[in-house]
Amino acid sequence: MNHFRPVTIIGGGLAGLALGIALRQRQVPVTLHEAGSYPRHRVCGEFISGDGLAILKQLGLRKKILEAGARIARNAAFYFSNGKVLQRQLPRPALCLSRYKLDALMAGEFRRLGGELRENSRHPGELSSEGMVRATGRRVQIRADGWRWFGLKAHARNVELQADLELHFIPNGYVGLCRLDFATFNVCGLFRTRQSLPTLGSQWKNAISGPEDSTLRLRLATAQWDESSFCAVAGLSFDRACPSRSLDCAVGDTMAVISPLAGNGMSMAMESASLAAGELEAYSKGTLNWNSACQRLNRLRKATFDSRLYQAWWLQRVLMTPGASGAFAVLARGFPLWPRLFFGTR
């Protein structure tokens, strides 16, 4: 019988669940508190690209995700405001699966490995104490550079795409589409506004479908919406780097939030969990004290994610400048590796 120190994870999103699974594979005792329950919908592009695919394989989840109906995406199309369209192969194939299915599958795997999962539970104690990992999600910021940023997501049927992944730039936002199974498509967008939008809850279909004369509106003209899948999130902001000094242990969006434009958010959640697992195992086995484990993790995550965060932050800033997305479309035609800007890895 081992005498490992226990680890407590606060938050059962993608990063928290991935970390819980990785630690249980190492026989570390883990309790995970999740404020909600499974399954449920989340605002998410719902595709995993880049190095996150390798983490899925390490966790023994790739086969199970494919068996759950995940679809492989091999190409992407980008629709710009000047009417230009760019279509390319992805640097590596991505996997598309609803978070409604994925989170529930991962929660089941965590329990199967002996982890203690407490749904509808908020940890009553201090969140920065020894042995405590924060996977509580993004930090709320009402305005960023004078803008209010918000995300919308819903599933739909009767949608026809020209590529496995599509990204549509519209004034003050962009919307991504992907196929989740034979008939279901994910529609997820990021938007910004100077003013509050009190009627958004009742007019979300219009907001997520783009301008009247856009290709996006044409794509969704006959969409049959699953209204139960609609969800929204506000108070968004995006990081240019991981925190410089941090003595706590954080993974996923609690660590740093990358621009959705990079298509790398789900991957970063799992990568951050993978980085943390090794340091937390050493802490649990008594070969590292807590402060040393957190300091080492802080150095690892900055080395792994800072350049990616900075690149994604600037890419979004440029492409959200009026007229810039059209200019990018023209320049990108002479740069065949441009998809790596959107789906880059370490």
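Begin by selecting Glu279, which is buried, with a relative accessible area of 9%. Here buried means under 20% relative accessible area, exposed over 50%, and partly exposed in between (1.4 Å probe, protein chains only). The model is predicted: local features need pLDDT of at least 70, side-chain atom pairs count only at pLDDT 80 or more, and totals for chains, interfaces and linings use all residues. Residues are numbered from 1 along each chain as its sequence is written, and side-chain values use heavy atoms, with hydrogens and water left out.

**Salt bridges**

A salt bridge is a side-chain nitrogen of Lys or Arg within 4 Å of a carboxyl oxygen of Asp or Glu; helices (H or I, at least four residues) and strands (E, at least two) are DSSP runs, numbered from the N terminus. Arg296 is partly exposed, at 38% relative accessible area.

Next, select Lys302 and Asp306, whose closest N and O atoms are 2.8 Å apart in a salt bridge. Both residues lie in helix H8, 4 residues apart, about one turn of the helix. Lys302 counts as partly exposed at 22% relative accessibility, whereas Asp306 counts as buried at 18%.

Now select Glu227 and Lys205, which form a salt bridge with their closest N and O atoms 2.7 Å apart. Glu227 is in strand S12 (residues 224–234) and Lys205 in helix H5 (residues 204–208), so that the pair links distant parts of the chain, 22 residues apart. Lys205 is partly exposed, at 32% relative accessibility.

Finally for this group, select Arg26, Glu281 and Lys285, which are linked in a network of salt bridges. The count of salt bridges comes to 19.

**Helix H8 and the surface**

Select Trp314, which lies in helix H8 (residues 290–319) and is partly exposed, with a relative accessible area of 34%. What do Tyr310, Trp314 and Val318 form on the surface? They form a nonpolar patch.

**The second largest pocket**

Select Ala144, Asp145, Trp149, Trp313 and Arg317, which lie nearest the centre of the second largest pocket among its 15 lining residues. Helix H8 gives the most to this lining, with 3 residues.

How values were computed: Patches are made of residues with over 30% relative accessible area and no salt bridge: like charges are joined within 9 Å, nonpolar side chains (Val, Leu, Ile, Met, Phe, Trp, Tyr) within 5 Å. Accessible areas come from the Shrake-Rupley method with a 1.4 Å probe; for residues, only the protein chains shown count as cover. On a 1 Å grid over the protein atoms alone, a cavity is a set of points where a 1.4 Å probe fits but cannot get out, and a pocket is an open set with protein on both sides within 12 Å along at least five of seven lines; lining residues have an atom within 4 Å of a point.
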